[in-house]
Amino acid sequence: MAAPATAGLLAGGHFNAAFGIFAFAGFSDAADGFLAKRFGLATRLGRILDPIADKALMLAAFVTLAVLDDVPVWLAAVVIGRDALIVLALFVAMTAQAPIAVQPSLLGKLCAALQVLYVGLHLAALAFGFSLASFVPTDAYTLAGVAFASTLAYFGVWLKAMRVAWNKGAIPG
């Protein structure tokens with residue numbers, strides 16, 4: 001629910017409300033994750049739905065902020081493209097029965113954290129009317145660089161898994 005609400009509020013110019021929804025979604029996601037791990041309440045469905053909800057929120061935020069010309073379109077394309085490539089690579093690996101583990105890397109976690117920080121900072125600037133001139137465009141280049149490095153790291157994991165599948169004959173040659 002946070003993704004369409006954030007996008008709709010942004011598109012309608014309700015920046016304070018969009019920031020509030022985004023912040024609430026972030027804090028509740030962190031609390032949910034902590035409680036699930038701390039008390040052993042994690043479920044298989046939760047491990048699937050939680051990242052989907054996170055990606056939906058980032059997708060909605062980046063697309064809407066790009067449409068509003070607050071975020072460079074090229075950066076939105078890099079962030080969304082990275083996630084699309086990862087999902088496509090996982091689909092191909094699963095189809096090929098490659099032994100690939102779906103686990104976030106340290107670089108992937110850094111990329112996700114920088115995405116949240118980037119969007120949160122840009123939403124806060126819109127909501128509270130402060131300038132990001134001292135950060136822009138360095139913030140975008142930094143995020144893009146980490147996203148690119150993370151994509152390459154995941155690509156390396158994918159290649160190793162595909163090589164194993166190829167050597168086992170799971171992939172027709």
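Biologist: What should I know before we start?

Modeller: The model is predicted, so local features need pLDDT of at least 70 and side-chain atom pairs count only at pLDDT 80 or more, while totals for chains, interfaces and linings use all residues. Residues are numbered from 1 along each chain as its sequence is written, and side-chain values use heavy atoms, with hydrogens and water left out.

Biologist: Why is Arg 82 called buried?

Modeller: Check the cut-offs: buried means under 20% relative accessible area, exposed over 50%, and partly exposed in between, with a 1.4 Å probe and protein chains only. Arg 82 has 5% relative accessibility, so it counts as buried. It sits in helix H4, residues 73–95. Leaving aside neighbours within four places in sequence, Arg 82 is in contact (heavy atoms within 4.5 Å) with residues including Lys 55, Gln 115 and Tyr 154.

Biologist: And what makes Phe 128 count as exposed?

Modeller: Its relative accessibility is 52%, and the cut-off for exposed is over 50%, so Phe 128 counts as exposed. Phe 128 belongs to helix H5. Not counting residues up to four places away in sequence, Phe 128 touches Asn 16 and Phe 19. Across the protein, 30% of the 173 residues count as buried.

Biologist: How do you know that the buried residues of H1 are on the same side?

Modeller: In H1 (residues 2–11), the buried ones are Ala 3, Thr 6, Ala 7 and Leu 10. They cover an arc of only 95° around the axis, taken from the directions from the helix axis to the C-beta atoms, so they lie on the same side of H1. Their cover includes helix H2 (15–38), helix H3 (44–67) and helix H5 (106–128).

Biologist: Why are H2 and H3 called roughly antiparallel?

Modeller: They pack at an angle of about 160°, with their axes 12 Å apart. Axes are lines fitted to C-alpha atoms, for helices over the stretch in contact, and angles run from 0 to 180 degrees between N-to-C directions. Under 35 degrees counts as roughly parallel, over 145 as roughly antiparallel, 65 to 115 as roughly perpendicular and the rest as oblique. That makes H2 roughly antiparallel to H3. By class, their contact has four nonpolar, no polar and four charged residues. Ala, Val, Leu, Ile, Met, Phe, Trp, Tyr, Cys and Pro count as nonpolar, Asp, Glu, Lys and Arg as charged, and the others, Gly among them, as polar.

Conventions:
Helix = DSSP H or I, 4+ residues; strand = E, 2+ residues; numbered from the N terminus.
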